[in-house]
Number of protein chains: 2
Amino acid sequence: MRPVAVIGVGKTAFGAFADRDIKSLAVEAGQAAMKDAGVLPSQIEAFYLGNFAGPSFVGQNHLAPFIASGLGISGVPATRFEAACASSGSAFYHAVSAVMAGLHDVVLVGGVEKMTSQPTPVVTEILAGAGDLGGEVKVGGTFPALFAMIARRHMFQFGTKREQLAAVAVKNHANGAKNPLAHMKKVITLEQAMNGKPIAEPLTVYDCSLVSDGAAAVVICPLDRAKEFTKKYVQVLGISQTSDMLALDEKDDITTLRAVKTSAEKAYKMAGITAKDIQFAELHDCFTIAEIVAGEDLGFCAKGEGGPYVESGATTLTGARPINTSGGLKAKGHPVGATGVGQICDIAWQIRGEAGERQVKNNSIGLAQNLGGSGATSVVTILGAV
Amino acid sequence: MRPVAVIGVGKTAFGAFADRDIKSLAVEAGQAAMKDAGVLPSQIEAFYLGNFAGPSFVGQNHLAPFIASGLGISGVPATRFEAACASSGSAFYHAVSAVMAGLHDVVLVGGVEKMTSQPTPVVTEILAGAGDLGGEVKVGGTFPALFAMIARRHMFQFGTKREQLAAVAVKNHANGAKNPLAHMKKVITLEQAMNGKPIAEPLTVYDCSLVSDGAAAVVICPLDRAKEFTKKYVQVLGISQTSDMLALDEKDDITTLRAVKTSAEKAYKMAGITAKDIQFAELHDCFTIAEIVAGEDLGFCAKGEGGPYVESGATTLTGARPINTSGGLKAKGHPVGATGVGQICDIAWQIRGEAGERQVKNNSIGLAQNLGGSGATSVVTILGAV
């Protein structure tokens, strides 16, 4: 298998854009990534698009060739990948695998979602389609409720505190305020985070990620061809996608997301490193508890220690291992189909030293963790400086 | 690249099944394919699922890990591929490519759609999401209307006759009547086909494929490992997926579907054969005109000769090159996400000599053509006896 490089990245701002349609968002990100890579549309050999629920949010389906035509790359294989909130992480996994295996050289990977055209209850219902409709969802298990159950159990089992959940929100809002492309650039205090409007107790509005519009894209190619296009490339050191049951009640233990553990193990093995080598990360904080659990399942701290780990300050911009320097899904925003590839962009900008006010010092190896549903899909990617 | 074999196939009946849910259909097909291959769930390394619009038809999204859990293969990468009515053709293309490239050995590919739980106008609206919503669909371009425009133009340009469209329906209904798994086992006369209820003139109800529930699945592995599992395997000789513009009005010529031509050229090249070597085929007859145009674009006859070609009887069960021996989308049924993999099953059964009353004599090389929308996605696969 050939090593693969990310040679270009591009993102729209994440936010609520009433005047933008899904195609224009995806085209903006794709064009930015191709420009960043120094690649022409005629050089793109395949298009991998992550999108969770375009047909439900805006009606439009068959999105990959639809967006390909806007990018001037019609003709190439153009496919939409859906894996809930890990849709574009999955598209990226399949694209990287294809280039590693020699199927293609220059590939464009995009992710897009346009969510804010629907009222919140409809958004919640569409998102719930990523859970088991005939089981957990039927009895009220929307995603805030499911992650509230994970939080309650984590609190019961390990003594995790509300303050520790809130610490995730405070940190990610602080980071988002430094990110020009973030949906919410608003610093919040621990007191505010502790006293937010309840959504599904113990989770308040400050524990929940944002409903956003946005798109992200990257161009990849074999590492040995990267220099033909750009000097600013980073290497994919390891990547894995794994799956688990959809329903929370089918899992042995809801405080551990098995697919996160298995995908991390495989990605570490491919990269030839361990968790301790990860200098910074973008984790899938769809809810604050999800960042805490992910930190444990990725091996950044011991199981049950995720709360104290965040509270210690280790994951702040100036901590030992900064997490979600972009602001995360919490503050950067969470246009679900764009999130996985958006994380790759943010890791690449850090490694390239282009993260502005969010720049971390130890920026050679970063990890992105993209989660689908309550853990039925997990994609873990490790990027490194060349 | 390694040659790839299809070592197991399985299909549910296609039809309207009020008492079946989408998971049970997909699990039935997947289990049948694994049993046919002699493969245990624990041997499956990845799951590729084609589904067009599960979230719109039945609400359930994140279908790949959902169905994987029902098949006992949770843990492996499980991903949904969406490319309109070519969704499972696209899943198959990506899976075959992955095995060819050495990424996996034993892979399960499925396709499923559960459509009949929605009333027909809603089905038409959901299907229209595979067209350009902001363009052609806004002005009435549902798929029957779009293919009616293709038919009108084909008639104007090449003198194609209503009788020739009807001949496709008569042939495919005759074949479907011999297929125990077909949705509609009803022989029709040319007179009936000519006098059907108008849907979008010149297309009548007999020119339109069926709205169906159903699932199909196949197991693939490297050709050199096939004998470990079964004696009944067939080889993938060539495969390609290409794309084109979504909207009919963006195409240079609506009587030629460019993506069909380009995917066929690439598949023939990979197989080292030409159109004349294809002994029988499953073509994407979403409408009768689509089978006529596909025959031309695949090189079975000259451009414009598709009407007389069908009328000549060349494509009947006993003709020189039988087409849609399964009954096609017209009579076998068209659960859109299942159609592409369903075609692979039907070609494999013919090559294995297991097509019962539908069995053709010259059964060494068969072609499957799976179309997305009005040609924005095309997947062409060539299977051969080993």
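## Buried area between the chains

Buried area is the accessible area, taken with a 1.4 Å probe, that two parts lose on being put together, summed over both. In this predicted model, chain B and chain A bury about 3,700 Å² between them. Carbon and sulfur atoms account for 53% of that area.

On the side of chain B, three residues stand out: His62(B), Glu82(B) and Ser243(B) supply 17% of the area that chain B buries against chain A, more than any other three residues. The contact draws 51 residues from chain B and 51 residues from chain A.

## Salt bridges across the interface

Two salt bridges are counted between chain B and chain A. Glu82(B), one of the three residues named above for buried area, also takes part in a salt bridge, in which its side chain meets that of Arg80(A) at 3.2 Å, N to O.

## Relation of the two copies

Two copies of a chain are related by a rotation about an axis and a shift along it. Here, chain B is superposed on chain A by a rotation of 180 degrees with 0.0 Å of shift along the axis, and the RMSD is 0.0 Å. The two copies are thus related as by a two-fold rotation axis.

The interface residues agree between the copies: 100% of those of chain B are also interface residues in chain A, so the copies meet through the same surface.

## Helix packing in chain A

Within chain A, the axes of helix 7 (residues 162-176) and helix 10 (residues 288-297) come within 8 Å and cross at roughly 100 degrees. Angles of 65 to 115 degrees count as roughly perpendicular, and helix 7 of chain A and helix 10 of chain A are therefore roughly perpendicular to each other.

Helix 7 of chain A contributes Gln164(A), Leu165(A), Val168(A), Ala169(A), Lys171(A) and Asn172(A) to the contact, while helix 10 of chain A contributes Thr288(A), Ile289(A), Glu291(A) and Ile292(A). By class, the residues of this contact are five nonpolar, three polar and two charged.

## Helix packing in chain B

In chain B, helix 7 (residues 162-176) and helix 11 (residues 288-297) have axes that come within 8 Å and cross at roughly 100 degrees. Helix 7 of chain B is thus roughly perpendicular to helix 11 of chain B.

From helix 7 of chain B, the contact involves Gln164(B), Leu165(B), Val168(B), Ala169(B), Lys171(B) and Asn172(B); from helix 11 of chain B, it involves Thr288(B), Ile289(B), Glu291(B) and Ile292(B). Five nonpolar, three polar and two charged residues make up the contact of helix 7 of chain B with helix 11 of chain B.

Methods
Residues numbered from 1 in each chain as written. Chains lettered and ligands numbered in written order. Predicted model: local features only at pLDDT ≥ 70, side-chain atom pairs only at ≥ 80, totals over all residues. Heavy atoms only, no water. Axes fitted to C-alpha atoms, helices over the stretch in contact; angles between N-to-C directions. Helix = DSSP H or I, 4+ residues; strand = E, 2+ residues; numbered from the N terminus. Parallel < 35°, antiparallel > 145°, perpendicular 65-115°, else oblique. Contact = heavy atoms within 4.5 Å. Nonpolar A, V, L, I, M, F, W, Y, C, P; charged D, E, K, R; others polar. Least-squares fit on C-alpha atoms with pLDDT ≥ 70 in both. Salt bridge = Lys/Arg side-chain N within 4 Å of Asp/Glu carboxyl O.
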